[in-house]
Amino acid sequence: DQSRNLRGLEGSDSVDVRVSGINTGGDSSPFPATVSIIASEVELVGCERIMGEFGGATVGSDGRTAVLIDDESRVRISLTNIEGGSGSEGDFWGTDGGDGAPAVHVRGGSELTITGDGTQVIEGGWGGASPGNGHSVGGYALLVEESSQVRISGVTLEGGWGSHHEAPDLD
């Protein structure tokens with residue numbers, strides 16, 4: 001196994017960057033997301049898994065996004081599994097479980113192309129369990145905003161599940 005374990009990765013104001021063989025386990029990243037790409041041209045190829053940070057030990061904390069693409073970035077992701085961070089559990093005293101985070105969040109007029117061989121999965125983070133009557137929401141596999149463009153081929157997109165076993169609405 002030639003993958004390298006990283007806490008996080010950020011590309012900012014960069015051109016022609018290629019990253020391959022990384023694996024992130026959802027540990028505490030110092031960046032806005034596990035992989036943050038801001039105003040850059042980046043290619044992520046053959047990464048075993050990129051995982052958003054888990055909501056953590058704090059009751060009801062939301063998960064964190066696995067890959068954030070912003071500020072007119074151009075990104076290609078190929079042959080890579082991505083999972084948004086899952087929310088932490090709620091409690092019996094009224095704190096809802098934390099919400100799951102998107103696996104990939106594209107905004108700021110960015111362009112993204114995702115390709116795979118049919119075995120890759122991009123999955124939103126799961127909402128944290130809510131033992132009482134609380135509620136948490138699963139994260140989107142892909143959240144696209146602000147005139148961004150996305151092309152997808154050969155990957156499966158799955159929304160994360162919430163505390164009531166509901167996938168997120170796709171409105």
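Author: Let's start with a word we will need: two residues are in contact when they have heavy atoms within 4.5 Å of each other. The model is predicted, so local features need pLDDT of at least 70 and side-chain atom pairs count only at pLDDT 80 or more, while totals for chains, interfaces and linings use all residues. Residues are numbered from 1 along each chain as its sequence is written, and side-chain values use heavy atoms, with hydrogens and water left out.

Reader: Thanks! Which residues does G162 touch, not counting residues up to four places away in sequence?

Author: G162 touches G127, S136, V137 and G138. G162 and G138 are 24 residues apart in sequence, yet their C-alpha atoms are 4.4 Å apart in space. As for its place, G162 is in the segment after strand 14 (149–158); strands are DSSP runs (E, at least two residues), numbered from the N terminus.

Reader: Is G162 buried or exposed?

Author: Buried means under 20% relative accessible area, exposed over 50%, and partly exposed in between (1.4 Å probe, protein chains only). G162 counts as buried because its relative accessibility is 8%.

Reader: And where is S110, and what is it in contact with?

Author: S110 is in the loop between strand 11 (104–106) and strand 12 (111–123). Its relative accessible area is 0%, so S110 is buried. Leaving aside neighbours within four places in sequence, its contacts are I69, D70, D71, E72, S73, S148 and Q149.

Reader: Which residues other than glycine have a positive phi here?

Author: The general idea: most residues other than glycine have a negative phi. Here, D16 has a positive phi of about 60 degrees, and A39 has one near 50 degrees. D16 is in the loop between strand 2 (9–12) and strand 3 (17–20), and counts as exposed because its relative accessibility is 70%. A39 is in the loop between strand 5 (35–38) and strand 6 (41–45); at 23% relative accessibility, A39 counts as partly exposed.

Reader: Last one: which residues are closest to the centre of the largest pocket?

Author: On a 1 Å grid over the protein atoms alone, a pocket is an open set of points where a 1.4 Å probe fits, with protein on both sides within 12 Å along at least five of seven lines; lining residues have an atom within 4 Å of a point. A volume is the space filled by probe spheres set on the points, which are joined across faces, edges and corners. The largest pocket holds about 220 Å³ of space. Of its 13 lining residues, E41, V42, R74, V75 and R76 are the closest to the centre. Strand 3, strand 6, strand 9 (74–78) and strand 12 each supply at least two residues of the lining.

Conventions:
Helix = DSSP H or I, 4+ residues; strand = E, 2+ residues; numbered from the N terminus.
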